[in-house]
Amino acid sequence: MTTPAIDKSARILKALLADDMDTFRPLHAGLDSDERRVFAALFGAAFYKAANDRFGKDCTVADVIEFVAEARAEHVGADTVSAEDAERVLRAVLGEADLTSGMSAYARSAAETAMLIAIVRDAALSADEVDALLDVAAQQVRSFFERQGRR
Amino acid sequence: MTVTPAQFAALRAALDGDEETVDRLAASPGFLGGEGFPILVAAAFVSAAQRRFPTGWSPGDVVRFVGHLRVRNGAAGEDLSATATEQMLLSALRGEVVGGEFDEATKGIAQVALLMELVRDFDEQELSTFLAEAREQADAWLAQHGHSLTGRECRA
């Protein structure tokens with residue numbers, strides 16, 4: 001997979017996390033199928049890192065419930081995502097992978113997007129810190145596709 | 001029709017966490033024969049909700065409250081439907097009927113869990129006064145709607 005596709009995905013995801021929807025929407029809508037696959041991979045890697053950085057390995061279900069309540073109340077809106085969906089995607093990425101098995105792809109994507117945005121806003125990450133998060137995610141995606149390419 | 005002493009005592013026991021007494025009273029003759037108990041619980045719930053969130057509340061306040069409730073109740077709170085619980089509280093505050101997407105058992109569990117959380121900081125005197133007022137409201141409601149009202153029609 002090409003580095004330009006990863007860089008393009010990083011720009012799009014950065015726009016989303018900066019709430020720059022005028023930039024995000026047309027770029028995201030213009031992705032072709034291969035680029036969408038790269039974007040999904042980058043998003044997944046960023047979500048995994050952000051969630052694990054936020055909660056750590058000792059987090060409890062109560063920690064997730066409290067975060068989701070505050071996230072919906074303060075950062076993304078109560079109607080954007082249900083508590084159940086938001087808690088499921090966070091607990092899944094923190095290790096309870098089976099929790100999202102019954103969710104539709106749309107519901108899962110919407111909940112993950114809302115929670116990634118909430119984590120970034122709750123931590124008040126600077127532009128540089130978001131760049132650092134996306135750099136790590138991009139490196140993981142690059143390595144993943146390189147491994148895939150060698151098979 | 002009015003709230004019976006057993007129904008009133010059962011709500012008090014429920015709020016004290018005395019499940020044994022609730023079960024014993026609920027098994028007494030006539031306990032479930034009328035609308036007294038659900039109307040009493042609904043009156044107490046709506047009153048407690050409006051007391052806790054008098055004016056100027058936001059949906060975010062409700063979301064936070066339900067989140068705290070679920071955390072405070074541990075494993076039982078994790079099993080409580082967050083969406084149903086939020087909808088029950090929002091409906092009480094807005095004076096709306098809860099939508100039909102939840103079954104009666106889910107709504108009942110959410111309502112009692114909310115009521116217990118809403119009154120948890122009441123002292124003995126406050127709780128007694130509060131429940132007496134709820135009983136008066138329930139009796140007035142039953143006197144007006146007694147024979148035609150069903151639990152499903154009861155707000156929140």
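This is a friendly conversation about a predicted model and the terms used to describe it.

Reader: What should I know about the numbering and the model before we start?
Author: Residues are numbered from 1 along each chain as its sequence is written, while chains are lettered from A and ligands numbered from 1 in the order in which they are written. The model is predicted, so local features need pLDDT of at least 70 and side-chain atom pairs count only at pLDDT 80 or more, whereas totals for chains, interfaces and linings use all residues.

Reader: Why is A:Lys49 called partly exposed?
Author: A residue is buried if 20 or more other C-beta atoms, placed from the backbone, lie within 10 Å of its own, exposed if 12 or fewer, and partly exposed in between. A:Lys49 has 19 other C-beta atoms within 10 Å, so A:Lys49 is partly exposed.

Reader: Which residues does A:Lys49 touch?
Author: Two residues are in contact if their C-beta atoms, placed from the backbone, lie within 7 Å. Leaving out residues up to four places away in sequence, A:Lys49 touches A:Leu133, A:Val136 and A:Ala137. A:Lys49 and A:Val136 are 87 residues apart in sequence, yet 8.3 Å apart in space, C-alpha to C-alpha.

Reader: What makes A:Asp19 and A:Ala124 exposed?
Author: A:Asp19 has 11 other C-beta atoms within 10 Å, so A:Asp19 is exposed. For A:Ala124 the count is 7, so A:Ala124 is exposed. A:Asp19 is in the loop between helix 1 (3–17) and helix 2 (21–29) of chain A, and A:Ala124 is in the loop between helix 6 and helix 7 (127–150) of chain A. Neither is a glycine, but A:Asp19 has a positive phi of about 60° and A:Ala124 one of about 50°.

Reader: How do you know how helix 4 of chain A lies against helix 6 of chain A?
Author: Helices (H or I, at least four residues) are DSSP runs, numbered from the N terminus. The axes of helix 4 (residues 61–76) and helix 6 (residues 105–122) of chain A come within 10 Å and cross at roughly 80°. Angles of 65 to 115 degrees count as roughly perpendicular, so helix 4 of chain A is roughly perpendicular to helix 6 of chain A. The axes are lines fitted to C-alpha atoms over the stretch in contact, with angles running from 0 to 180 degrees between N-to-C directions.

Reader: Which residues meet there?
Author: On helix 4 of chain A they are A:Ala71, A:His75 and A:Val76, and their partners in helix 6 of chain A include A:Ala114, A:Met115 and A:Ile117.

Reader: How do you know whether the radius of gyration of chain B agrees with a compact globule?
Author: The radius is taken over C-alpha atoms, and the globule rule is 2.2 Å times the number of residues to the power 0.38. For 156 residues a compact globule would have a radius near 15 Å, and chain B has 15 Å, so the two agree. The C-alpha trace of chain B spans about 40 × 30 × 30 Å along its principal axes, and chain B has eight helices and zero strands. Of its 156 residues, 37% count as buried.

Reader: How many residues of chain B are in contact with chain A?
Author: Eleven residues of chain B are in contact with 14 residues of chain A. Helix 4 of chain B gives the largest share of that side of chain B, eight residues.

Conventions. Helices (H or I, at least four residues) and strands (E, at least two) are DSSP runs, numbered from the N terminus. Angles under 35 degrees count as roughly parallel, over 145 as roughly antiparallel, 65 to 115 as roughly perpendicular and the rest as oblique.
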